[in-house]
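Here is a friendly walk through a few local features of one model. Please have the viewer open as you read.

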Amino acid sequence: MFHRKNCDKKCTCCFCSLVQSVLAHVEPETVAALYRNCIMKKNIFLIGLMGSGKTTVGKILAKQLGLRFVDSDHEIESRTGASISWIFEIEGEESFRKRETDVIRELTAQDGIVLATGGGAVISEENRRYLSERGTVIYLRASVNNVLQRTMHDRSRPLLQTEDPRGKIEELFRQREPLYSEIADLVVSTGRQNVHGIVQVIMGKIAAGSKTGKPDKKTESKRTGHKKNTNQQKRKMTKGKTKNIRLKVDLGERSYPIEIGQGLLQDSKLMARLIKSARVAVITNTVVAPLYLESLTQSLESAGKQVLPIILPDGENEKTWASLMKVFDILLENRCDRQTTLIALGGGVIGDLTGYAAASFMRGVPFVQVPTTLLADVDSSVGGKTGINHPLGKNMIGAFYQPEAVIADTLTLNTLPDRELIAGIAEVIKHGVILDTEFFDWMEEDMEKLLARDAAALAHAIARSCEIKADVVRQDERESGLRAILNFGHTFGHAIEAGLGFGEWLHGEAVGCGMIMAADLSCRLGLLDEISKERIRALVARAGLPTVAPDLGEDRWIELMRVDKKSAGGEIQFILLNSLGSAFVSPVPEATLRETLRACIVPAK
Ligand SMILES: NC(=O)c1ccc[n+]([C@@H]2O[C@H](COP(=O)([O-])OP(=O)(O)OC[C@H]3O[C@@H](n4cnc5c(N)ncnc54)[C@H](O)[C@@H]3O)[C@@H](O)[C@H]2O)c1
Ligand SMILES: [Zn+2]
């Protein structure tokens with residue numbers, strides 16, 4: 001007997017009793033979280049390609065959760081008394097799919113099961129509906145290589161009895177990955193872990209009540225694919241102090257440290273160590289000042305510094321000549337001199353403007369970056385690009401000018417709006433895509449941790465991004481070659497920002513969509529494979545970034561990209577991918593570019 005609607009901790013129905021007995025050995029918070037998940041949705045459905053481990057994982061998971069394990073393929077075989085290959089051969093795939101839907105309809109109507117579905121079960125819309133409505137769907141994601149290895153000698157897989165099994169698996173991956181992602185509540189990569197490791201990950205994720213793996217369709221605007229509701233992420237970082245991380249940007253005598261950690265704003269010893277001058281001007285804005293100016297001022301004063309605060313209005317529209325003049329006015333009125341260090345306390349807008357002010361005030365004074373947005377932590381505070389906007393173009397006036405230090409207090413991310421956090425994640429994804437596949441794999445695994453502001457995950461994302469960027473900057477400080485790859489997705493992104501009007505989409509949002517477009521272009525040019533393109537798209541979508549480009553008009557798109565700073569002699573330069581982790585710069589044939597525009601603006605059916 002089951003009490004579907006009214007189950008609570010006191011319920012004695014057989015399902016709950018089973019779960020109770022398992023949970024007797026688990027932490028109380030875990031019990032509560034498991035209750036929330038399993039009571040609401042009593043079944044667990046495993047989806048994924050053949051050979052992804054659904055049956056093996058499902059059996060152990062069912063045992064651990066005290067649920068009943070069922071395999072839909074075995075169920076079909078026992079009902080028909082024939083093997084799957086025989087049904088395929090004699091009746092054909094269509095008939096098999098009908099049988100599969102019957103079985104899935106019946107099994108998902110039951111309670112308390114772990115169901116391993118056949119790899120192609122998600123093809124049917126009806127099956128997808130049963131699975132997503134009647135249980136927690138877990139997608140076991142395996143790479144083509146893994147699937148190939150695991151199925152190589154298995155003659156019972158009818159779809160793989162071909163001359164080119166790899167090609168077939170790649171084709172299945174392409175077709176099915178979007179369908180798996182569409183209904184998955186959890187995505188678990190099965191590549192490098194053993195079965196017990198995978199089960200642990202699943203148990204942990206269920207317990208954490210995490211919901212991941214698919215962009216929330218209900219919150220996406222149809223036109224732009226832009227996720228509007230970003231309030232679903234947790235606002236506070238998870239508890240637990242992470243270790244401070246110290247990195248170095250190696251530029252000879254202009255080298256500087258990057259300090260990453262929690263509570264650095266209050267660390268007066270750190271301030272004394274990193275800031276040499278006795279006088280500092282803290283440049284910030286009206287949003288950040290009420291949050292962090294006081295604590296920074298206190299620690300600077302404790303470190304023996306005399307502090308001059310300069311508070312500007314907030315926003316990209318304020319990254320102007322007028323704001324720059326205001327900073328100079330206040331510095332001069334207060335008799336600041338060459339020994340005054342400028343401190344940028346804020347996001348990329350404040351960082352860029354302060355850096356440029358420091359580059360030009362008295363022909364150059366020291367400056368320190370204290371980033372407070374994820375985008376500034378992982379990108380704008382490192383590398384020495386400084387500047388302001390001109391009415392005719394973004395970042396058109398500026399200088400290369402390196403800071404003396406970057407101090408990234410990750411606790412400041414607690415107050416950052418979700419939309420800004422997600423925009424910062426776009427630049428983190430970019431670093432993985434252009435140079436570090438392992439980092440990309442890690443994001444595929446841990447994206448939900450980043451979205452939930454898990455302290456350790458954020459620290460890792462910031463540190464790895466800074467390392468990657470610092471390494472590129474070390475090799476090509478002034479962007480005469482390699483550094484341009486950091487603009488992956490930006491040629492398209494800048495066109496979106498300018499075409500819609502600055503501020504309509506955040507920079508990171510435009511870059512997120514731009515990366516999908518750049519991957520599409522690379523694919524059309526025969527460079528990047530389809531699977532990597534899809535992985536990039538899926539990760540951008542999972543971060544909650546827009547995935548569909550706005551319709552600016554094809555000619556307007558091209559016109560906007562031509563005025564981008566990266567165009568050389570009127571020829572638009574694109575950052576393209578040879579493969580994940582390998583980027584280069586090149587112009588492209590206009591016809592191919594137009595194909596990409598058409599494909600990315602109008603969502604493929
Ligand atoms: N120099 C570079 O290499 C580089 C690289 C990338 C981007 N950029 C520039 O960076 C700018 C974008 O930076 P951004 O995304 O940080 O935008 P931003 O500086 O405008 O900050 C985003 C918003 O968050 C607010 N904010 C900042 N910290 C906060 C906090 N801790 N809590 C709550 N609110 C907070 C800001 O006041 C602002 O409203 C653009 O101008 C872009 O051109 C520069
Ligand atoms: Zn950027």
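Which residues does valine 122 touch, not counting residues up to four places away in sequence?

## Around valine 122

Valine 122 touches Ile47, Asn127, Arg128, Arg176, Leu179, Tyr180 and Ile183, where contact means that C-beta atoms, placed from the backbone, lie within 7 Å. Its place is in the loop between β3 and α7 (125-134); helices (H or I, at least four residues) and strands (E, at least two) are DSSP runs, numbered from the N terminus.

Valine 122 is buried, with 26 other C-beta atoms within 10 Å. Here a residue is buried if 20 or more other C-beta atoms lie within 10 Å of its own, exposed if 12 or fewer, and partly exposed in between. Between the C-alpha atoms of valine 122 and isoleucine 183 there are 8.7 Å, although the two residues are 61 residues apart along the chain.

## About the model

This is a predicted model, in which local features need pLDDT of at least 70 and side-chain atom pairs count only at pLDDT 80 or more, while totals for chains, interfaces and linings use all residues. Residues are numbered from 1 along each chain as its sequence is written, and chains are lettered from A and ligands numbered from 1 in the order in which they are written.

## Strand β7 and its partners

Strand β7 (residues 256-261) runs antiparallel to strand β6 (residues 245-249), and five bridges join them; strands pair if DSSP finds at least two bridges between them. β6 and β7 form a hairpin with six residues between them, and glycine 252 in the turn has a positive phi of about 60°.

With strand β14 (residues 405-409), β7 pairs in the parallel sense over four bridges. Glutamate 259 of β7 stands opposite arginine 246, and also opposite isoleucine 407 in β14.

## One face of α4

In helix α4 (residues 72-80), the residues Ser72, Asp73, Glu75 and Ile76 are buried. Seen down the axis of α4, its buried residues fall within an arc of 160°, so they line one face of the helix; the arc is that of the directions from the helix axis to the C-beta atoms.

These buried residues pack against β2 (68-71), α5 (84-91), α6 (93-108) and β3 (113-116). Just after α4, glycine 81 has a positive phi of about 70°.

Key
Two residues are in contact if their C-beta atoms, placed from the backbone, lie within 7 Å.
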